[in-house]
Amino acid sequence: MAAESGKKWVLTVTAQTPTNIAVIKYWGKRDEDLILPINDSISVTLDPDHLCTTTSVAVSPAFTHDRMWLNGKEVSLSGGRYQNCLRELRSRASDVEDEEKGIKITKKDWEKLHVHVVSYNNFPTAAGLASSAAGLACLVFSLAKLMNVKEDHSKLSAIARQGSGSACRSLYGGFVKWIMGKEENGSDSIAVQLADEKHWDDLVIIIAVVSSRQKETSSTSGMRDTVETSMLIKHRAKEVVPKRIIQMEEAIKNRDFPAFARLTCADSNQFHAVCLDTLPPIFYMNDTSHRQEPFFNSSFINVIVPHFYLPIISCVEKWNRHEETPQVAYTFDAGPNAVLISHNRKAAALLLQRLLFYFPPQSDTDLNSYVIGDKTILKDAGIHEMKDIEALAPPPEIKDTNLTQRHKGDVSYFICTRPGRGPVVLTDESRSLINPETGLPK
Ligand code: ADE
């Protein structure tokens, strides 16, 4: 048995996995250990060329315990969620043979062998950009390849789910549904692909990263408080989401942007309403996005109905109304960042002009680091240098420009992206994050 042969070989696999943004939100668990949700959810997978996790995993008889390095720092793998994933994967591992390297690992060897995991997120961890979704999906996907786990992506999604709920949706590209399932053991709580990324490739997604600070309320404790104290969540899970899931599936199937936008915005708003209905209330949208704004240039509405329209929501709502058909949808996750989904490239360029008008960068910022990802949207918007942002006129839907506030420096940067592919194995050895001689981070 090679695992006991004393030969100090190291076997590695490297994979890349996307993150995802929910357009019908997951909020609330019916089982905390197995991570079973109280409603189905639907997400769009984001292009891993712009937002992704890369993870290398290794096995060697020389390793003395399971270890992980995340973004350059060693972190503990002893947490229950990591352990659940490792246990589930080990129990499904199969024989592995690499004749060239003289490696033979039997199914039984995997019980004794230890793994090293080295992972990088190319975006801020814990800033509400679903890094744990991409991270846990990548951990499960890469280890499944290393251990020769012969399960399809849906079965792997049920393992990733036990690491981080929304990770199950990152096992697929395009448009993905996480079915809540009914079984107590969670075996039917899996992700399925509704359509791949090519099905609706006109969509452009712009993320306004408001802050890379650690979010104040963890999703786990926030969800628990909501399930324990909110009446609204019961109504949402039983009455609202089941209907919205059917409508959203139809909207995606028919590439019906007005329906997609209406459902996406409504569901984001209800998710935040449910957070506010929690005791103590949860505010995910921080100061930057919580400023009071005149709506439709009418301070009258603001006085009678004191809505706290976020500047971004206000910008989107005004423009969509002005065009009489939705050009863009907004959605906010459990963090202050805004995710804006536009109908097509033309709408995305017009959206970016508006965003840069309302949220110009600090004077010392360079344009290249202020708008990252797909730079062609910036060119389509006619923005080639910083002075083009300064020269932007208020959007035509603004009637009284005296009431227009610009929020300089409130956004850290924008990411322009699109629907993207699911996980892939990176076969190019130079992409590996692990030194093949030592089994340690490169
Ligand atoms: N949590 C956040 N990012 C992660 C990653 N890349 N791997 C594992 N866990 C994570």
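This is a predicted model: local features need pLDDT of at least 70, side-chain atom pairs count only at pLDDT 80 or more; totals for chains, interfaces and linings use all residues.
Residues are numbered from 1 along each chain as its sequence is written. Local features are given only at pLDDT of at least 70 and side-chain atom pairs only at pLDDT 80 or more, while totals for chains, interfaces and linings use all residues.

The model scores ipTM 0.91 and pTM 0.92. The pLDDT, the predictor's confidence in each residue from 0 to 100, averages 89 over the chain. A score of at least 70 is reached by 89% of the residues. Over residues 287-309, the pLDDT is below 50. This stretch still has 32 contacts in the model beyond near neighbours in sequence. Two residues are in contact if their C-beta atoms, placed from the backbone, lie within 7 Å.

The chain has 12 helices and 19 strands. These are DSSP runs numbered from the N terminus: helices are H or I with at least four residues, strands are E with at least two. Of the 442 residues, 49% are buried. A residue is buried if 20 or more other C-beta atoms lie within 10 Å of its own, exposed if 12 or fewer, and partly exposed in between; the C-beta atoms are placed from the backbone. Among contacts with a separation of 6 or more, 75% join residues 24 or more positions apart.

Helix α5 covers residues 232-253. Its 22 residues should span 32 Å at 1.5 Å a residue, and the end C-alpha atoms are 29 Å apart, which agrees. The expected span is 1.5 Å times one less than the number of residues. The helix bends by about 45° at V240, and the proline P242 follows within four residues. This bend is the angle between axes fitted to the seven residues ending there and the seven starting there. The buried residues of α5 include I233, R236, V241 and M248. The buried residues of α5 pack against α4 and α6, and against strands β2, β5, β12 and β13. Just after α5, R255 takes a positive phi of about 45°.

The ligand has 10 residues around it, and T53, S119, S131, S132 and G135 come nearest. A residue is near if its C-beta atom, placed from the backbone, lies within 6 Å. Helix α2 gives the most to this shell, with 5 residues. Both β11 and α2 supply at least two residues each.

D366 lies in the loop between α9 and α10. D366 counts as exposed because it has 9 C-beta neighbours inside 10 Å. The C-alpha atoms of D366 and H50 are separated by 19 Å.
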